[in-house]
Amino acid sequence: MTINKHILVGVSGGIAAYKSAELVRLLRKQGAEVRVVMTEAATQFVRPLTFQALSGHSVQFELLNAEAENAMSHISLARWADVFVIAPASANTIAKCSHGLADDLLSTLYLAVDCPVYIAPAMNQAMWHKAVTQENIAKLKAHGVIIIGPEQGDQACGDTGFGRMSEPVAICERILAKPVEQCLQGLRVLISAGPTREPLDPVRYITNRSSGKMGYALANAAVQAGAKVTLVSGPVTLVVPAAIDAYQVETAAQMFETVMAKASDCDIYIGAAAVADYTPITVQAQKIKKQAQQSTIILQKTQDILATVAKLDKRPFTVGFAAETNNLESYALHKLHEKNLDMIAANWVGREQGGFDSNENALQVFWQTGQKTLEMMNKTQLAEQFILLCAERFNEKNTT
Ligand code: C5P
């Protein structure tokens with residue numbers, strides 16, 4: 001494979017820095033031009049000369065170095081990069097990037113680049129799990145940074161857990177993967193996400209376990225793919241990236257109204273929300289009091305948003321989700337045909353791995369003439385793969 005990419009590799013301080021030497025070698029083997037910047041701490045683990053020999057360029061690690069700035073200023077270096085990958089990214093470097101600090105060359109470059117940024121964290125498992133690190137990671141993700149790993153396993157410090165940097169070959173594959181960046185260029189994508197809340201009285205409601213993570217990951221991936229994204233979201237605790245036009249709703253009826261108002265103006269609709277199938281027939285004006293031993297709530301069916309979108313005269317390419325606890329394939333195929341969808345993504349719920357509220361998922365995707373399995377992976381990666389698949393099927397439908 002010949003690729004034509006300028007890849008800027010940022011190496012921060014950690015024992016995993018030695019693995020980045022292999023990353024640079026692999027990237028160059030694939031035909032990429034690579035330049036390396038290091039933090040001062042990184043130079044304590046691996047000498048700059050190693051990266052100079054592997055990249056074929058001198059390595060920069062000082063922000064205020066007149067000689068280096070003369071050769072290629074940090075702004076020129078930022079402009080030169082098609083991709084910026086920080087590997088390993090220490091907790092400190094992640095914190096600096098997420099707060100916009102620029103007190104060394106690497107963090108300054110993070111602020112100065114205008115290209116996709118990949119971050120491969122590496123640190124002790126306790127540092128990785130610390131709430132502030134997770135908040136920093138969530139913030140970077142919300143700003144469009146793609147986080148690779150970290151992986152689980154034995155650590156240099158003797159601990160076992162999440163924090164090992166992903167293997168160089170996996171990072172390399174990820175960076176050079178078929179870009180989602182252009183696949184939905186110019187298209188308008190409408191996504192519904194999260195649960196709905198169906199009120200019983202002023203203080204109680206019926207809901208489900210959906211966290212919205214899959215729908216939000218799809219919205220982020222669609223933005224990266226170049227789409228103009230509208231998100232209709234039930235109540236979740238996730239941050240909406242600035243690039244997305246978002247509408248917050250609570251009930252299935254509100255989600256129906258909001259989606260239907262937008263659906264004819266979009267090219268693709270992805271119904272990833274876990275919409276309540278039933279809602280209480282009446283909402284009590286006052287709090288229901290504890291009285292009889294048993295109490296009955298009468299529910300009525302909600303309107304099926306997905307099926308209604310699929311029936312529109314000016315219908316978008318319509319994609320549904322099917323969360324199932326049994327008979328995954330037959331239920332998914334039934335929904336595909338019954339609701340007249342272009343595609344359906346089925347996933348198991350109620351199992352140990354994947355499904356609601358998990359950071360990982362696997363999908364079995366069906367369309368009228370084929371199917372594809374997307375294996376268990378984190379929801380960010382899965383969303384990218386799924387968006388690529390949507391783009392392929394959308395293009396096929398619109399060119400035949
Ligand atoms: O039929 P079922 O509810 O299992 O189908 C799931 C799919 O239908 C999901 O894509 C979900 O977003 C959508 N759905 C909907 N409106 C409903 C119920 C489900 O759009 N009232």
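This is a dialogue on reading a predicted model.

Biologist: What should I know about the numbering and the cut-offs?

Modeller: Residues are numbered from 1 along each chain as its sequence is written, and side-chain values use heavy atoms, with hydrogens and water left out. The model is predicted, so local features need pLDDT of at least 70 and side-chain atom pairs count only at pLDDT 80 or more, while totals for chains, interfaces and linings use all residues.

Biologist: Which strands pair with β18?

Modeller: Two strands pair if DSSP finds at least two bridges between them. Strand β17 (residues 343-348) pairs with β18 in the antiparallel sense over 4 bridges, and M343 stands opposite W367 there. Strand β19 (residues 370-378) is also antiparallel to β18, joined by 7 bridges. In that pairing F366 stands opposite Q371, and a hairpin of 2 residues connects β18 to β19.

Biologist: How do I read helix α12, and which of its residues are buried?

Modeller: An α-helix has 3.6 residues a turn, so residues three or four places apart point the same way. The expected span of a helix is 1.5 Å times one less than its number of residues. Helix α12 has 12 residues (252-263) and should span 16 Å; its end C-alpha atoms are 16 Å apart, which agrees. Its buried residues are A252, M255, F256, T258, V259, M260 and A263. They pack against elements including β8 (188-193), β11 (228-233) and α13 (305-310), where contact means heavy atoms within 4.5 Å.

Biologist: Which residues make the nonpolar surface patch?

Modeller: Patches are made of residues with over 30% relative accessible area and no salt bridge; like charges are joined within 9 Å, and nonpolar side chains (Val, Leu, Ile, Met, Phe, Trp, Tyr) within 5 Å. Areas come from the Shrake-Rupley method with a 1.4 Å probe, and for residues only the protein chains shown count as cover. Here I15, Y18 and F45 make a patch of about 350 Å². F45 belongs to helix α2 (residues 42-45) and is partly exposed at 45% relative accessible area. The C-alpha atom of I15 is separated by 7.6 Å from that of A156, 141 residues apart along the chain. A156 sits in the loop between β6 (151-154) and β7 (160-164) and is exposed at 69%.

Biologist: How many salt bridges does the structure hold, and what does R188 pair with?

Modeller: A salt bridge is a side-chain nitrogen of Lys or Arg within 4 Å of a carboxyl oxygen of Asp or Glu. The structure holds 14. R188 forms one with D267, the closest N and O atoms being 3.3 Å apart. R188 lies in strand β8 and D267 in the loop between α12 and β13, so the pair ties together parts that are 79 residues apart in sequence. R188 is partly exposed at 36% relative accessibility, whereas D267 is buried at 18%.

Biologist: Where do D304 and K339 lie?

Modeller: Their side chains meet in a salt bridge of 2.6 Å, N to O. D304 is in the loop between β15 (299-301) and α13, and K339 in the loop between α14 (328-338) and β17, 35 residues apart.

Methods: Buried means under 20% relative accessible area, exposed over 50%, partly exposed in between (1.4 Å probe, protein chains only).
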